Amino acid sequence: SVADGKYYKADRTATITVDEANFWPQDIVVTVGKRLNNETEYKVTNSVREFTPVEGKPGVYTTQIVFNQDADYTLDISYKDRSGNAAVYTSNVGQDKETFEKLEFTVDKIAPKMSVAFDNNSFKNVNQFKANRTATITVVEHNFNPKDMVCAIVGKTVVGNGVDLTSKDYARYIRNIENWKSVGDKHTIDLDFDIDAQYDVV
C-alpha cells in the first residue's frame with residue numbers, strides 16, 4: 001500500500017522488461033539512489049544488470065530490483081540500442097513516454113513510537129489535579145508529518161456538562177509542524193491543560 005503517492009510500508013520490487021531483438025545488457029543504464037534514515041545524501045549506483053530471456057517471447061528480456069531496506073530511493077533508467085534508437089517507456093506508474101522520468105519513493109516498514117509524559121502528577125482523587133498540567137508528547141518516526149495525527153480532546157464538568165476548549169484548539173495545534181521540536185527522528189510537542197475540566201483524550 002502507498003501513502004501520499006510515495007511512502008510504502010512494505011518491500012517494493014521493480015521489474016524491468018526490454019523488448020528488443022538486438023539487446024545488449026550493457027546498453028541500458030539503471031541508476032539507483034539510496035538514502036538510509038541516518039544519512040543526508042543519496043548513495044548512487046550505476047550498474048549493468050543481468051537480464052533473463054522471457055520464455056516463449058523471443059527478444060524479450062527482464063530483470064528485477066528489490067527495495068527492501070527502510071530508506072529513500074530513486075530509480076532512473078536510460079537505454080538506446082546499438083543504432084542509437086532511444087527506448088519508449090511504458091509502466092504501471094503512469095509513464096508512457098520517450099524519456100523515463102526518475103522515480104522517487106520511500107520504503108518505511110517501521111511503526112512510529114509515541115509516548116506521553118506529564119509534568120504534574122500530584123493528584124487529589126486518582127484523576128483530579130489542583131494545578132495545571134503540561135503533557136509532552138514524543139513521537140519517534142523518520143518520515144514524521146503531524147498532519148497524519150488524529151487527536152480529539154474533550155473537556156467536561158464533574159457532572160458531565162461540556163467545557164468550551166475552543167481557545168485551545170488542540171487538534172489544530174498538534175497538526176501544525178511549527179509547534180513541534182525535532183531532533184533527528186525524535187519529535188516533541190507540549191500541550192497545556194490550564195482550563196478547569198475533566199479531560200478525555202481520544
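Biologist: Which residues does Phe67 touch, leaving out those up to four places away in sequence?

Modeller: Phe67 touches Asp11, Arg12, Ala14, Val32, Tyr73, Phe105 and Val107, where contact is heavy atoms within 4.5 Å. Bear in mind that this is a predicted model, where local features need pLDDT of at least 70 and side-chain atom pairs count only at pLDDT 80 or more, while totals for chains, interfaces and linings use all residues. Residues are numbered from 1 along each chain as its sequence is written, and side-chain values use heavy atoms, with hydrogens and water left out.

Biologist: How many residues are in the largest nonpolar core, and which have the most contacts inside it?

Modeller: That core has 21 residues, and Ile28, Ile65 and Phe67 have the most contacts inside it. A nonpolar core here is a set of buried Ala, Val, Leu, Ile, Met, Phe, Trp, Tyr and Cys residues joined through side-chain atoms within 4.5 Å. Buried means under 20% relative accessible area, exposed over 50%, partly exposed in between, with a 1.4 Å probe and protein chains only.

Biologist: Which strands each supply at least two residues of this core?

Modeller: They are β3 (12-19), β4 (28-36), β7 (60-67), β8 (71-79) and β11 (103-107). The largest share, five residues, comes from β8. Strands are DSSP runs of E, at least two residues, and helices are runs of H or I, at least four, numbered from the N terminus. Another core, of 15 residues, lies apart from this one and includes Met149, Cys151, Leu165 and Leu191.

Biologist: Switching to β4. How does β4 pair with β8?

Modeller: In the antiparallel sense, over nine bridges. Two strands pair if DSSP finds at least two bridges between them. Within this pairing, Lys34 stands opposite Tyr73 in β8.

Biologist: And what joins β4 to β5?

Modeller: A hairpin, through six residues. β4 and β5 (residues 43-47) pair in the antiparallel sense over five bridges. Val30 stands opposite Ser47, and Val32 stands opposite Thr45.

Biologist: What is the strand order in that open sheet?

Modeller: The order of the six strands is β1-β2-β11-β8-β4-β5, with mixed pairing. β1 (2-3) and β5 are the edge strands, each pairing on one side only.

Biologist: Pockets next. What volume does the largest one have?

Modeller: About 820 Å³. On a 1 Å grid over the protein atoms alone, a pocket is an open set of points where a 1.4 Å probe fits, with protein on both sides within 12 Å along at least five of seven lines; lining residues have an atom within 4 Å of a point. Grid points are joined across faces, edges and corners, and the volume is the space filled by probe spheres set on the points.

Biologist: Which residues lie nearest its centre?

Modeller: Arg133, Phe193, Ala197, Gln198 and Tyr199, out of 32 lining residues. β18 supplies the largest share of the lining, four residues.

Biologist: How much space lies in the second largest pocket?

Modeller: About 710 Å³. It has 27 lining residues, and Thr15, Ile16, Ile77, Thr90 and Ser91 are the closest to its centre. β3 gives the most to this lining, with eight residues.
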